[in-house]
Amino acid sequence: MNRTLSVIRMQFVNRQTYVWIPLIILAGSFVLSLLIFALIPTDAPKYGGAAQAPLWYLLAVGIQAMTMSFPFSQAMSVTRREFYVGALLTAGIAALVLVAVYVLGGFVEQLTGGWGMNGWYFYLPWIWEAGPLGAGLFYFVMAVLLFIIGFWSATIYKRFGGVGLTIVLVGIGLALVGLLWLVGRMDAWGFVWEWLMSAGAMGLTAWAAVVAVLLAGIAFLTLRRTVP
Amino acid sequence: MIDEGRALFLQIAESVENAIVEGTLAEEAQAPSTNELAAFHRINPATAAKGIAMLVDKGVLYKRRGIGMFVAPGARQVLLGERRAAFADRYVDPLLAEARKLGLAADDLADLVRDRASAWEAASVNEGMTR
Amino acid sequence: MTTSPDLVVQVDHLTKRYRETLAVDDVSFSIEKDKIYGLLGRNGAGKTTVMSILTAQNFATSGDVRVFGEQPYENARVLGRMCFVRESQKYPDDATPTHAFAMARLFFPRWDQKLADRLIEDFQLPPKKRIKKLSRGQLSAVGVIIGLASRAEITFFDEPYLGLDAVARQIFYDRLLEDYTLHPRTVILSSHLIDEVANLIEKVIVIDRGRIIMDDDTDAVRDRAASIVGDTAIVEAFVAGREVIHRESLGRVSSVTVLGALSPEDRRRLAAAGLEVGPVSLQQLIVRTTQHSPSDTAITTEGAVR
């Protein structure tokens, strides 16, 4: 456990990756959104999607964890399991920090009535319909999921090469297309749409968690035989 | 200084023996330590240790517990005896071989040796006078 | 007085196959505690592959590897006592040497920061400059410093000298010996600059095309060959019946490298025949036994009519 904690500490030695850059992206996209809100001449509520930006950055971090931190961790004589758990925990910590910022930001946003402009960056109603905890959970799971997607795809790439990754992605694409076709065949679009609506943000969170766990498991199994 | 093709530990042992024969390392004096030798010649300390161990086995050095290795009494005489015995193999045979290549007979060789010896003798006498 | 040696690494019939190529071919050897080993061989001979497998960074196709008596794969207990910084090591993005050493300090329990600081000065390494912007030599220095300062019980140095100039290399050898003298540990040094490391290594293991062709005490190997020079006909007469590993001729003069110690009788015969005997350095010996040019006769016993 000690060494796993060291893996976490290792990721924070260079504070850029997990601290500064996400903060900069967050601050930048926030300021940008405010400016755009200010420019739009209407009193109707304005919703921006820019809050996604730091989350997508975590995808890049997930990839980097595999391509750069993993080989170095091997030189540090760390086992693959210690590295894996440490990387996930680090992502979890980063996600928690983001969540704290988002939830607090959401409160402030509500208090100020959308920064006095009815402009909403943090507080998006459909995410907050289950309350602040629900919103926190949503952002947390999304952040971790994106990290895992990056980590998982980089693991496949490292183990099976560019060709392997392409085959896997194409396979997933085909599976999705097949699913869509199936829905169309069964004329179930209405059903699907209703189901999506009723599930809401929490439903989406639950499914995202399932996918995250699945990909995480695959990533670990792949990592176990990956050469740095 | 280090010969590429011969066992290193032997060369280390020889260098210590040379110092004893030349008199720079006196009897009952402390021999350089393994680490000192290793550092000086830039070699693995284990190799230096092997060379020293060989000298201890041979009786040239002896160990004083807690202090180090010292030159055994009588070591110089033993080494001189050894080298004199090997002298013919090491120096005379190559000399003869080279002389043969140059067409020098044994007598010519003997004359050369005598001439050079007296020249050296004269030089060291001069030195003795001016000292 | 012989004591049975403490073996820290044992490799039995290790094989690594990539598709059609055998990178490591049925390799067996052991490593004794607290000795400096030279793992020598040409580029691509299999040195890095073997070291990667020992540190569980790569996987064997077949065979058994034991470090401190256990299998190293996913074994934190064993891995934490080793350090292997490879020749083209990747470092975390935007990391500086200072970051890298701070990270190393987290994982190597015996890490010596004072030693690291001293080495940073010795190698004139800019500690706050990003690693990806360092020169090849400075990059090597980072790896070398991690290896030295880690004080790991088994430390591997994988061709650590790449990009280091002669002065820096000498600094490395000197610091390695110094530290080894004060704090003995098992060191495995892979190199193809054989003559430079010949005096540092106590044991030598030579790998050629995935196979071990030499595994011995360095001093024992040094005496193993001699170079005989002289008139071709006379030389050939002398070497008949001996194992020849190399021959060169210029006009009527030949230089032949033979394996096997020369007795005092042999030396007298050689001197009498007007042949010169020269030593064969470790590098020459290894080079000549691993050369595979078409004109080279490799290892062959004399007697056959050519």
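Predicted model: local features only at pLDDT ≥ 70, side-chain atom pairs only at ≥ 80, totals over all residues.
Residues are numbered from 1 along each chain as its sequence is written, and chains are lettered from A and ligands numbered from 1 in the order in which they are written.

**Exercise 1. Describe chain C as a whole: how many helices and strands does it have, and what percentage of its residues is buried?**

Step 1. Helices (H or I, at least four residues) and strands (E, at least two) are taken as DSSP runs, numbered from the N terminus, and on this basis chain C has 11 helices and 14 strands.

Step 2. The C-alpha trace of chain C spans about 65 × 45 × 40 Å along its principal axes.

Step 3. A residue is called buried if 20 or more other C-beta atoms lie within 10 Å of its own, exposed if 12 or fewer, and partly exposed in between, with C-beta atoms placed from the backbone; of the 306 residues in chain C, 42% are buried.

Step 4. Two residues are in contact if their C-beta atoms, placed from the backbone, lie within 7 Å, and among the contacts in chain C with a separation of 6 or more, 68% join residues 24 or more positions apart.

**Exercise 2. Which strands pair with β3(C), and in which sense?**

Step 1. Strands pair if DSSP finds at least two bridges between them. Strand β3 (residues 36–40) of chain C pairs in the parallel sense with β7 (residues 186–191) of chain C over five bridges, and Ile36(C) stands opposite Val187(C) in β7(C).

Step 2. With β8 (residues 203–208) of chain C, β3(C) also pairs in the parallel sense, here over four bridges, and Tyr37(C) stands opposite Lys203(C) in β8(C).

Step 3. In a regular strand the side chains alternate between the two faces of the sheet. In β3(C), Ile36(C), Gly38(C) and Leu40(C) lie on one side and Tyr37(C) and Leu39(C) on the other, and all are buried, which leaves both faces covered.

**Exercise 3. What is the strand order of the open sheet of three strands in chain C, and which are its edge strands?**

Step 1. The order is β2-β1-β4 (chain C), with antiparallel pairing. The edge strands, each pairing on one side only, are β2 (21–32) and β4 (62–67) of chain C.

Step 2. Strand β1 (residues 7–18) of chain C meets β4(C) in the antiparallel sense over five bridges, with Val9(C) opposite Val67(C) in β4(C).

**Exercise 4. Why does Leu125(C) count as buried, and which residues does Leu125(C) touch?**

Step 1. Leu125(C) is located in the loop between α4 (113–122) and α5 (136–150) of chain C, and counts as buried because it has 20 C-beta neighbours inside 10 Å.

Step 2. Leaving aside residues up to four places away in sequence, Leu125(C) touches Pro97(C), Ile120(C), Gln138(C), Ala141(C) and Val142(C).

**Exercise 5. How are α3(A) and α4(A) oriented to each other?**

Step 1. Axes are lines fitted to C-alpha atoms, for helices over the stretch in contact, and angles run from 0 to 180 degrees between N-to-C directions. Helix α3 (residues 52–75) of chain A packs on α4(A) at an angle of about 155°, with the axes 11 Å apart.

Step 2. Angles under 35 degrees count as roughly parallel, over 145 as roughly antiparallel, 65 to 115 as roughly perpendicular and the rest as oblique, and α3(A) and α4(A) are therefore roughly antiparallel.

Step 3. The residues of this contact divide into nine nonpolar, three polar and no charged.

Technical notes:
Nonpolar A, V, L, I, M, F, W, Y, C, P; charged D, E, K, R; others polar.
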